[in-house]
Amino acid sequence: MQSENLKIAYFSAEIGFTPNVPTYSGGLGILAGDHIKAAADNRLPLCGITLLYKEGYLKQKLDPDGNQTEDYPRFHPQPILRPVDVDVSIKLRGRIVNILVWVFYLEGVSGHTVPIYFLDTDHPENDEKDKSITFRLYSGGKEHRILQEAILGFGGCAMLDALGYQNIETYHMNEGHAAFVTLALRNKFDNDAEKVKQHCVFTTHTPVSAGHDKFKTEMTRKVLGDLIPANLDCSIINGELNMSLLALNFSRTANGVSKLHGEISQKMFPSFNICSITNGVHHTTWAALATRETYDKYIPGWRENTDLLRNADAIPDDELWHMHYENKRRLLDYANAHMHVGYERSRLMLGFARRAAGYKRAMLLFKDPDRLSRISDGRLEIVFAGKAHPRDQLGKEIIRNVIQEANKLFGSVLITYLENYNMWLGRLITSGVDVWLNTPLRPNEASGTSGMKAAMNGVPNCSILDGWWAEGCRNDVNGWAIGGTEDTGDDDADADSLYTTLEHKIIPTYYDQRDKWISMMRESIITSADFTAQRMVNDYRKYAYKC
Ligand SMILES: *Cc1c(COP(=O)(O)O)cnc(C)c1O
């Protein structure tokens, strides 16, 4: 990649592009990785910028009662990442902070490579307090968060200058975490706000206002000193700097990550124009081994052109079934080996894996355990996974509750909770279960990319009509809708709808109508063509990057 050709810099507080580099926590980071991979496939002149978290997010351990504890194994960046010989520093808390830069060159299917830069404050000359700024993802308090976001925004822009990237036309901020980019550019462009605005693009991911980063103005000024301008009024509400507002004030375009989420975001920020670009997942990352082999054989060219997934009709029924059986075998082997559980391949298996957050309602399935047990009648297996943030007591309680309910159903519904959900397990589970379950409180699920991963592997979704599924669902054709399109927030009604669908649609189709089931698997693959990262990045190119 020649520096004069680079046009787009993509900033994200986390980028998850391989399970081997633990610099992500979940959906946001993995989406960023998928975005960059599809950019490499599509030959976009883009680079990624993020932080190097040497102690990652967390490694989860669960005891038999469901109590989560965390470890922080140290990640050694070499040889996976390479050091970049460049001097970068910024002034924070009145001290110079030196920033080490590491790079990974990601190669796309086209042979085009895209660099991902990792910023690291663990520099031998830094004050001890500054060395640890980038150790862990989402770890400290507010001040620590400001420091990390300053390294990303100000440090990232300083790095681009130091590397000699002179022709960047678009600075893409993935979530408000990256919004200090706008202030770094204000300094670079001699306070020309209009010029900053011409260069920035913002993607918001959070449909609830509490989810947006807000920092006390006084604290922000103390940390950032003269990096920030005297007048920030347009981005301050009640004495707090709102990072999403900051990004919106200085961006030429802004978008949410599904149609529904775009509408919610527009209502949240009525004085801005917010459109939507629905998320997608990177095909060769999320298609499991047997899936890739099957598509290579029956849908040649799908690696270069994901639209061809619409040709899933070319896969014979028995081959499709065999592909899924192979994916399922791998998941069951893993689960049985780790949990001594005795999962059996011929039984219908549901999967539910995601961050333990209240709105995702992992407990909805257990609203009426007796009814679940009756419906199952020995025919259901369920696998759960997902981490809680170390300081999120509510999230930890959700995990405890799920595991305790699972223990109570022992002998009637086989349920396990797999430890340490990560990208590797994500692919294993989304490809290996028979049905992917998602029960968020509408409209809180901005997109829900795990469901797209399932669909890409021919696994039908059963989900609340939220996020991507509000666009992708064709009820009883490629999966099932739980509830309707109103934001009722009625747990009882949603649970009832889930149980009814399980009993009268999912279980009978699985056991008695194999042909229809396979047709639903095929329709899932066809639907997934609309939810690939390739389609997403093409949309960004057209509507946001304009290149
Ligand atoms: C895909 C993925 C996510 C995001 O899934 P959601 O559907 O948004 O909850 C989170 N964590 C891992 C490990 C994933 O693979």
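Helix H15 (449-456) gives the most to the shell around the ligand, with three residues. The elements that give two or more residues to this shell are H15 and helix H1 (27-41). Helices here are DSSP runs (H or I) of at least four residues and strands are DSSP runs (E) of at least two, numbered from the N terminus. This is a predicted model, in which local features need pLDDT of at least 70 and side-chain atom pairs count only at pLDDT 80 or more, while totals for chains, interfaces and linings use all residues. Residues are numbered from 1 along each chain as its sequence is written, and side-chain values use heavy atoms, with hydrogens and water left out.

There are 13 residues around the ligand, and Lys-360, Asn-422, Gly-448, Ser-450 and Lys-453 come nearest. A residue counts as near if one of its heavy atoms lies within 4 Å of the molecule. By class, the shell holds four nonpolar, six polar and three charged residues. In this scheme Ala, Val, Leu, Ile, Met, Phe, Trp, Tyr, Cys and Pro are nonpolar, Asp, Glu, Lys and Arg are charged, and the others, Gly among them, are polar.

## Polar contacts and burial of the ligand

Polar contacts are pairs of N or O atoms within 3.5 Å. A polar side-chain atom of Lys-453 lies 2.6 Å from an oxygen atom of the ligand, and a polar side-chain atom of Lys-360 lies 2.9 Å from a ligand oxygen atom. Thr-449 takes part through its backbone, with an N or O atom 3.4 Å from an oxygen atom of the ligand. Taken alone, the ligand exposes 390 Å², of which the protein buries 93%. These accessible areas come from the Shrake-Rupley method with a 1.4 Å probe.

## Domains and their interface

The protein is divided into domain 1 (3-280 + 536-545) and domain 2 (283-531), with bounds from an automatic or database domain assignment. The shell around the ligand draws at least three residues from each of the two domains. Their centres, taken over C-alpha atoms, are separated by 31 Å.

At the interface, 39 residues of domain 1 are in contact (heavy atoms within 4.5 Å) with 39 residues of domain 2. The two domains bury about 3000 Å² between them, 55% of it on carbon and sulfur atoms. Buried area is the accessible area (1.4 Å probe) that two parts lose on being put together, summed over both. In domain 1, Gln-60, Leu-62 and Leu-260 lose the most area to domain 2, together 19% of what that side buries.

## Backbone features in loops

Two cis peptide bonds involve proline. The bond from Gln-78 to Pro-79 is cis, with omega near 10°, and Pro-79 lies in the loop between strand E4 (68-71) and strand E5 (82-92). The bond from Arg-442 to Pro-443 is also cis, with omega near 0°; Pro-443 is in the loop between strand E18 (435-438) and H15.

Glu-175, a residue other than glycine, has a positive phi near 80°. Glu-175 is found in the loop between strand E8 (170-174) and helix H4 (180-188).

Technical notes:
A polar contact is a pair of N or O atoms within 3.5 Å; within protein, one must be able to donate a hydrogen and the other to accept it, and residues adjacent in sequence count only if both atoms are side-chain atoms.
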